[in-house]
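Here is a friendly briefing on one protein model. Take a look at the structure first, and then we will walk through a few of its parts.

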Amino acid sequence: MSKSYSQLLRDIESGEIISIILIPNRREVLVEFINGERKLIPIFYNDQKILRISEEYNVPLTVRDIQYEQRLANFVTGFGLTLIFVLSLSFLIRRSSKLMKNMQSFSARSSEVKEDEIRKYTFDDVAGLNEESDELKEIVHFLKNPQILVELGAKTPKGVLLVGPPGTGKTLLARAIAGEADVPFFSISASEFVEMFVGVGAGRVRDLFKNAKAKSPCIVFIDEIDSIGRQRGTGIGGGNDEREQTLNQLLIEMDGFAANNGVIVIAATNRPDVLDPALTRPGRFDRRIEIPLPDRKARYKILSVHARTKPLCDSVNLMDWALKTPGFSGADLQNLLNEAAIYAARNNKSIIGSIELFNALDKSRFGLLSKPLSDPTKKKQIAYQIIGKTLVALLIPTKDKLEKISLFKSLGELSGMTYFTPDEETIDSGLLSRSYIYSKIVISLGSRAAEIIVFGSKEVTQGSQKDLENVYFWANQMVTKFGFSDLGPIAYDSEKNSIFLGKDIMKNKKEYSQKTSKEIDEQIIGIVNKAINHAIELLTDKVSLMDTLVNELIDNETLESEYVINSLNNYLSSTT
Ligand code: ATP
């Protein structure tokens, strides 16, 4: 078939070609042959010959205006692109205006802090907090009779700070004040103030106080005040973040309302040490009420309050349960009874007995337990760790009481467990003696000591890792915080230094020389070495007792404290 111009002319003459399309501005023709083939063949500029020959041999020739086609195509593409551009622009504008609307309604909606409508609480619901309640009764008195104080020229506190560990009943107490005084209760958690958008928190604070003033006299309760009330200027991003703006607004609002206008702000925290001093100065949260963990009597009262709605077996003595639960908060005690009720329901019982309470106690102390390992060698190694730690704990005098030992492990533990009830007096006083902390370190090293004695120092395992972490923690505290080392009564690390992340990063944390740092390390190592030798010494002559108890633990998976104590006493009396 023709590829050249002369061949094309010959093909036209021989009738090989059905049609020709002339494209003048590209100087070529599109030729269609009899066999259906199509080809582009170049021609001369302003070629007349091809016109003539095609006419002569009756080959239809059409002329295509490619420029027109191109213009049309360009127009269509241009129009399409413009259309797409306009549509996307209007879509973007609509989306952003919707987002703006959402943001506005979000901040408006979220700043509505509503009055609490749950049931009214009274001081009867707050067990074991008599002292604190007495102080707060004053506030109730003012809320009921504001006129009396006004006439005496006295000013009521604007803000009350409730300080105490989680679950000790701070929220409950604030509600009880509102309930006793029969005034509205506005409650918000400070973390709810702070949102993604800067300024929302401050808006919420404004609205909260606006609503509260409209309903005066009333109580405004701000939970977890430390989440916005931390010292300003300590964040990494400078002082202009949402949290600080919210705090500033809170300070402004607290200054803004006159004393005796009937709004009392009660805030709760378990980190009073991190609060900005501006929050606690007179005129703001100047009254501070400590709510400690309940003591035995208070625990008994709290258990009694929550047992009012639960059918307890006559044999259950709540005082015994108060004795078993040092360190428990009000919320823990409520949870204990609740778990016991769930156990009873699961076993189709209509009343709660001691078995249910024991199960609930184990659950709240140990959490969910997983089965011991089935591999006999590892099980044996873990059993030696547990027995070693237990024996050291029984041989070294602390007032902590051994409860039980078990090959079951709580979640997160590497091995089984040895559970001690901490001494109540120590918890209540919050005072830890040098010998008590040292004993804790020796006990924590009991598992490692047993492994060294029985399996040799090369065969020890990392099963006691958690204990080793405790060992370092306490040894470090002894030297750097409590002044319990040969370096003397010096607190190298103060609490304040470790609170503010921002400050910590920005300043050189260590305030002592490298030489001192080395001496601190040496002291820590010295304490730990002394403690491990002490633990080894206590266990070395008790290998046969350990062997017996390990076998019993493997067989039974759990041993009661009395059994282990008796076995130790028998062993000691037989060897002396
Ligand atoms: P958080 O610091 O975690 O906010 P909180 O100190 O505010 O805790 P609450 O929320 O008041 O503690 O207490 C939780 C639950 O524990 C209460 O609903 C209540 O049932 C129970 N509780 C705590 N303390 C007491 C108490 N003294 N008397 C009766 N119940 C209590």
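Which residues does F420 touch, not counting residues up to four places away in sequence? They are A393, D400, K401, L402 and E403, where touching, or contact, means heavy atoms within 4.5 Å. This is a predicted model, in which local features need pLDDT of at least 70 and side-chain atom pairs count only at pLDDT 80 or more, while totals for chains, interfaces and linings use all residues. Residues are numbered from 1 along each chain as its sequence is written, and side-chain values use heavy atoms, with hydrogens and water left out.

**The whole protein**
- The protein has 24 helices and 14 strands; helices (H or I, at least four residues) and strands (E, at least two) are DSSP runs, numbered from the N terminus.
- Of its 576 residues, 42% count as buried, meaning under 20% relative accessible area, with exposed being over 50% and partly exposed in between (1.4 Å probe, protein chains only).
- Among contacts with a separation of 6 or more, 73% link residues 24 or more positions apart.

**Confidence**
- The average pLDDT, the predictor's confidence in each residue from 0 to 100, is 81, and 83% of the residues score at least 70.
- Residues 497–508 have a pLDDT below 50.
- Where pLDDT is low, the predicted coordinates should not be read in detail.

**Around F420**
- F420 sits in strand β13 (residues 417–421).
- In sequence, F420 and A393 are 27 residues apart, and their C-alpha atoms are 9.2 Å apart in space.

**Nonpolar cores**
- A nonpolar core is a set of buried Ala, Val, Leu, Ile, Met, Phe, Trp, Tyr and Cys residues joined through side-chain atoms within 4.5 Å.
- The largest such core has 45 residues, and I387, L391, I405, I441 and L553 have the most contacts inside it.
- Elements that each supply at least two residues of this core include α16 (376–395), β11 (401–406) and α23 (543–556).
- Apart from this core lies another, of 26 residues, among them L143, A176, F185 and I219.
- Beyond neighbours within four places in sequence, the contacts of L553 include A383, I386, I387 and I405.

**Helix α24**
- The buried residues of α24 are S561, V564, S567, L568 and Y571.
- These residues are on the same side of α24 because they cover an arc of only 135 degrees around the axis, taken from the directions from the helix axis to the C-beta atoms.
- The face turned away from that buried side carries the exposed residues E562, N570 and S574.
- The buried residues of α24 pack against α16, β11, α23 and β14 (558–560).
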